[in-house]
Structure formats: C-alpha cells, structure tokens
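Follow the paragraphs below with the model open in a viewer.

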Amino acid sequence: MEIGIALRIRLAHPHTTLSLRSRELRLRVYHSLRATPQPRESVVGPATTNQDTSRDCAYSALSASNSIPMVASYKYAYSRLGIEHLKGSSRPRGAKLAGLSAMLLFVVLSTLYAFDADPSSWVVSSFEPRRPMDAFKAQLYVPISPDTLPLPRAKRHRPTDDCLEISLAQGGMCDPVGYGLPAKAKIDIVWSWVNSSDPFWRRANAQIEARRQGRELTPAEVHAIDRQNREWRFDEYDELRHSMRAALKAFGPENIRRFHVLAADYEMPEEYPLNISSEGRSAWRLGQVPGWLRHPVQRESDNMLWLPTPEGPNIADALWTSNEDGTGVELAVHHHATYFTPYVGTNFCSFCIEAELGNLRGVGDAVIYLNDDMYFLTDHDVADYWSAPWGLVMRALPFIQVQYTPDLEPVGGEWQPLRFTNMLISRRFGNTERAYISHTPKSGTITLWREFATMFSEQFKRNRMRQFREVYFEDPADASNPQRLANLAWPYNLDPEVNTEGRGPGSIEKADLHTVFGIAHFVMERHREVLLWSWVVGRIGAHDGIFNVDEAWKALGGQQGDMIRVLNWDYGAKDEMRDSRRGQRIDETLNAAGFQSRKTADYTFVSADGHRFYDWRDDFKEEDAKLINKDAGEICLIRRSECFPTGINAADVFKNLAFDHGRCGDCIVQALVRASGRLGFDAFLPPANRTVNVRPFKLARTLPIGQRWKDIDFSLSGVLEAGTPSDLLDDGEEPSSQAHKIELRKWVLRVLDRYRYSHAHSIEKFLVVHDVAETERAVEDLDTNQGDATTACINDNVDHPMDQWGSSKITEGQRVQQILHDWQSRRWPDVPAWER
C-alpha cells in the first residue's frame, strides 16, 4: 500500500500563476519532485531518455491546465504538477530530500503570492500502484491526423420487392429476411458533448470570437482567459458518463451496436509535444476526449500523452467496449474535424453540429440522438425509436405549433431556427404550421439526414460555416455597416457565395437550421409527397402526361357537384382507426420482423394510415373547419374546381393539390386511405403492369431533390430520370450505366419505404435548474415522483458557474455539481469497462 499526499493550491489573484513567465521554475519544481528523469516511452514509438524531450513533455502538460489546481499523483506529472509520495518510498535519501525541498518551495510561494492553503483542500488518499491510464486524472487529448482514413458510410437496409408489396400495398407482415435485416436488429446512440472547463476550449472560444470580429487575441488576452468566462450552457456536471450508463442499462447490450460521442477539437497547441515537423504540424488537430475514459492503448508507460502516427488507431472506429473482454457495446469518439464537410475550425454552434450528423462515418443507419444532459429512466427497446415496419418514431407535440415565417425581430434561443427551418420546409412542401418535436432523445437515419442536407444544401453550407449560433442578429451594427462584414476574413463573414443577405435584425434568410425539427417534418412530408405523386402521376396520369379528371374524381368517391365530403375511414367504429393500430397488431408486426415489443412508446399514429396533419393549413382552419359536420363523421372537403383545374397536365395537377392548395392533397390522402380498405395503400399505387423506360445514368433513387416545388419537374420522366446525387450513393457506388425498364409500382413502393414513420406518446420530464435548491428539488422529483416518465432532461442553467480563480469559496456551480454527481452515481452505479 502506498500513501499519496495531494496539495490543492489556489491563487488569490486571477492573473497570477505559479509562473506565467518562468518555464524554468516549473521544470525545476517538476524535476525536484521526480529527482531523476525517467525514460519517456511513446505510446506508439520507441523509448527515449532525452531529458529535453522529457522537460518539454512536462511543461506542455503543466501548461495545458495552467498549473492550477496542482494535484499530486504517484510517479506521474502529466497535466498537473505532481508531488511524489514520501512515505513508503524506496527512493534514495537524496530523492526524498528533493521532494521535501519542493514542498518547502510551495510553502514559500504560497506566502509570496497569497496562495490559498486551506487545510480542507488537502487530500490524503491510499492507493495501490496503478497503470498510467488509471493514474491519469486530467483531460485526455487525441491528436487528429490529416491522413486518417475515412470509415464506411452508413447503408440503408434493403427490403425485397415481395416484402414491400406485402407490407406497404397490402399492410401485411414480413420477416427479417424480407426487410434485409439480421435476425436481431440493433441501433446506435449518438451524444453531442463538450467540456467548456477545458483550457483549450476556452482559448479557442475566445480566439474565434475575436477573429469573427476581425482581430486576433494578444498573448496577454490569451493568458487572461479564465474560468469566469465559462459558458454555463456547457458546464461539465459529469452528465455524459451517467447518460451513457443510463442508456446501457435501459436498452441492454443486446439492443445497441455502438455508442458515439461527438466532441470538439482545436488547432494544435504549441504546448502539445507532437513529434512531427513544424511544416506538417498545422494540419493536425487536437481532439477533446472525456477525461474519465480509459486510455484505449493498453500499455504500461510513463507517458499518457497520446502520440499516434497517421497509421495509428482511429478513435471513431470504436476503440472501447463496455466489457473487459472486448465484448458488449462499442464506443467511438468523433471529432468535428473528421466529419464536418467542409470544416473551418472549432465549432461552438449546437445547431451546426447537429446539421452535420449525416456526414458521420462508422455509424449504423438508424440512430438515437440526444444531448449529454438526457437520461433514460426505464427499460427501452429499439422499437421505441425505430423499426423497419413502422419507421422512425417521432414524439411530436401538436399543441405547440411552429410558424412558417421567421420572426423579423428574433430573440435568442431555438424559436427563430425553428421558424426559419419551417420556412424552408414550406417552400419545398407547402405552407403550414408544423408541430414542435419534443425535447427528448430523437431518432433518425443517417441516409435520410444526408438526403435532407442535399435538398437544402445551400442552407447547410451556410450553417457549417458558422462557429457560433445566433450570429445573424448578435451584432446589430452589421445591419447598418455592411462594409464591416465584407472586410472580415473568410469564413468569419460566413460564405459570400451563399450568404448575400448580410446580418442584423430583420435578416430572415440566415438563421440557424434546426435540423432535428426539420428532418422529422422532412420525412413526414416526403411520405405524403410520394403517396400523392404515385396516385396523380403514377396511377391516373398517362405516359404523355394527360390527367383524366373524371377518373380521379370517381376514384375519390365523387359524384355530381363540386365537393366531396370525406368521412373517417370507418365511420361508426368506436376507435375510428384502421387495423394498422388495432389490438396487438403493432407488436405482432414488430415481432414478425425480428423486433421486440415496445416498452415505452405508445404509437398514436403510423404512416401506414396516411398523413396525420390534414387539418392544419390556414385555409382549412378558416373555411373547412366551419363547413364539415363532425357528428356525421366528416373530416375534410375536396373541391373539384380548386383541386383539379382543367387544361393542365398530371405534373401540374400534382403541384397544385400537393403544394399550392395543400388542403386538397391532405384530404385526398384521407379519401384514398379510406378507399384502400382496412390495411395498405393499394388505392394510391400504379398498376403492376405499368413500366417506364429510363436511360443510362439517369435512374433516380427517390423523388427530386430540389429546394422549391415550383422549380421542379414532377412529370413521369422528370422524376424517374432525375438521377441520384452522389451524396445519396453508397461508398463505391456509381450511377447505373444500364438502361432500365422500371416497374413503376415497385419503384414507388421502394421510395415510400424510405419514409416510414410513426408518432408515439411517452412521458418525459424536462427540468431546468438555476441553483442548488432547484437541483435538489429536481433530483428528488425524479426519485420520488418519476411515475410513468421514461426519459428526463436536466437543463443546467446555473446562475453562478463553477469555481473562479482567486476564490476558496465553494460556488453554486460546484454544489450543483456535487448534488448531480451523487444522484447520478447512486442511480446508475454500474461502471462499464471503458471508464477508468
């Protein structure tokens, strides 16, 4: 048993350090403590005894933490100054005297510089000698090579044609083979994480903000960056560690393939001892990694600095597992530099980070995305968030409606991004208010994320150029002084090719994208669009584009007169639902496809029943709502003159009823669902014998990718020969060089399959804490009044952030941190193998 003594020292003056200007003093203290320089062994290279290299390593590690607080550790001084243990040491007497001299030096300095030597900050601990990765207590950094090979792109599962006919056209059930899935489907979980207490994070944040304003930080300003500049939104309360534990417990390793952490990275600091030439150094980045992760390279070494070669391990390729034997759930860390396309530097914009999820590699297609302050409280299963038969599971809140016009005088927060994103969706799919998506863990697929980003490529490009959120109205001076904006160096003036509107209040074209809201409604709208296009162009429309209005009117149940009053699919039924959700059919369909029954998600709507929000458009609210007779089972109206104007072709009829007069398309979907019977979409689909010839390299994978519906050719040939953008192709895939004779019904079913979705209800708790009292009430509420809550989010908005230099007072933030840590570790005590 060894005895270690740790001394925590705080400076009374915020701009004073042990030695801001004296590298020599730091090294003398360091070498006094070590007595004899130890051989330095690189994680990936041979050992060396070069004392200068050892000094550089020690200095850089000390600099990385600004030398405060200084915490003792056994044999190592990686990122904080180490005081060697004395009792029980086998070192020579001279070494012990050197250690005592160093402690005496600390006492002298504490007197000269008014150090806080409060005895309560002394820590006495007993421990066994440990491996370097266990002794390393500070932040772990990972150099990111510019030559790191990319991981594979996610691939979508591919159902058979027979399964698509059975499951979509007829509403039947398929097995895993039919869906192109393994016998047991798993899902990936992705967290967005940042540690703003990290000194390089604070330095990068201040430096990039200065550059955005057209200047560089001075060396004095860099040294003056301290903890009182910390962003409360990013304070580290150890949530990520316990959010992962909660997910592991809730889903079990049998349901999860990989965990993924999205983390920040920085310009390679001068202090970091990267053993490459100065010419190549600038291309490298330094990545942030949760400090509680075990070092992934299992090797005994005095050096815990990670110094990989370009051929070394890629930490995005899951170097950790939840079990000691390498089994269980895998864990990967993805730094922004590895998946932003293009990448312009350290990013502090949460909306921008979410917008780039489609570029992740080494990730399964179906993912759950959440913030690090979210927790799973009860047992969950994959089908609570995604399944092949029922698609993405969304938790929409219809009582909160997002407008489709941006606020001309926006305020901070998510509402301007929400409204801006709905404006874009409305330009493409028609104007309407849309439901807010609950602030809980959300499901998505990487392939659809890429498709959404491809459709709105200009906005996504502008978004990824931003390194801070809400810059569009942050500086009102920009609105009256456009020259100031023009003079800023790229990319701090955003991208002039796509950002021509300037910034400032009233600028409505440049708000942040709210991707997780946008992709949910993108999927819903794409599903509706495919149904309507299939019927208008694929079923009623002729090869030459002629549209037979009489045939269409008859198919909808119309007779004489200009109006059809559409009834619920089965007027008179007690629950007014089709068989899709009746009884145990949801879970029976899941079980047949290889999924377990749901544990938390109560499906309130499935896309197999059409389109949910048929009564949301302005003209419906203003007119139709007053005309329909709900007591007679009427739900909406179809007007012949409005929905089917004469003298236009099928593609223009589709544009008219799907987008220009959206209430027409909404109600037609309801009518055709009713016409399809108790299950399936047969009334929407082209006949089985209809074929279309497609030229080489022209075959489309889905409906056109365009930002405005008015500009798109929706004719039969215009859709099928629109081609497939490269971002929608798999790795190594090329457009087909063959001419094709497409069976239109099969093509439509395959496209429709991409956009399956469900709406579900589950109870979530959203708690905001500002201080100790609110934090205590929040954790007590979750412990005693959880009830049926399945997830929780604790949004920490602490009024007084973490500790500040020059103060021995325990701050509000530190007390909140302790409360949360105690609660989290008590609630999820099981430690996976990737933790130290």
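Strand β5 and strand β9 (residues 285-289) run antiparallel and are joined by 5 bridges; two strands count as paired if DSSP finds at least two bridges between them. Helices (H or I, at least four residues) and strands (E, at least two) are DSSP runs, numbered from the N terminus. The model is a predicted one, in which local features need pLDDT of at least 70 and side-chain atom pairs count only at pLDDT 80 or more, while totals for chains, interfaces and linings use all residues. Residues are numbered from 1 along each chain as its sequence is written, and side-chain values use heavy atoms, with hydrogens and water left out.

Is Pro-143 buried or exposed? With a relative accessible area of 4%, Pro-143 is buried, where buried means under 20% relative accessible area, exposed over 50%, and partly exposed in between (1.4 Å probe, protein chains only).

The pair belongs to an open sheet of 3 strands, ordered β5-β9-β8 with antiparallel pairing. Its edge strands, β5 (140-144) and β8 (265-267), each pair on one side only. Neighbouring strands of this sheet are turned against each other by 30° on average, direction ignored. Helix α7 (residues 199-212) packs on the sheet and touches β5, β8 and β9, its direction making about 65° with that of β8. Contact here means heavy atoms within 4.5 Å; axes are lines fitted to C-alpha atoms, for helices over the stretch in contact, and angles run from 0 to 180 degrees between N-to-C directions.

Another open sheet has 4 strands in the order β14-β15-β24-β20, and its pairing is mixed. Because β14 (386-387) and β20 (602-606) stand at the edges with a single partner strand each, one side of each is left without a neighbour in the sheet. Strand β15 (residues 391-394) runs parallel to strand β24 (residues 757-761), joined to it by 3 bridges. Here Met-394 has His-759 of β24 as its bridge partner.

Strand β22 (residues 691-694) pairs with strand β23 (residues 740-743) in the antiparallel sense over 4 bridges. Asn-693 stands opposite Lys-741 in β23. The covered face of β22 carries Val-692 and Val-694, and the uncovered one Thr-691 and Asn-693.

Turning to a helix, α14 (residues 457-465) has several buried residues, among them Phe-460 and Met-465. The buried residues of α14 pack against α11 (350-355), α12 (415-429), α13 (446-455) and α17 (515-540).

The structure holds 11 cavities of 30 Å³ or more. On a 1 Å grid over the protein atoms alone, a cavity is a set of points where a 1.4 Å probe fits but cannot get out, and lining residues have an atom within 4 Å of a point. Grid points are joined across faces, edges and corners, and a volume is the space filled by probe spheres set on the points. The largest cavity has about 170 Å³ of space. Of its 18 lining residues, Ser-167, Gly-171, Pro-389, Trp-390 and Ala-608 lie nearest its centre. Helices α5 (161-169) and α19 (585-592) each supply at least two residues of this lining.

Conventions. On a 1 Å grid over the protein atoms alone, a cavity is a set of points where a 1.4 Å probe fits but cannot get out, and a pocket is an open set with protein on both sides within 12 Å along at least five of seven lines; lining residues have an atom within 4 Å of a point.
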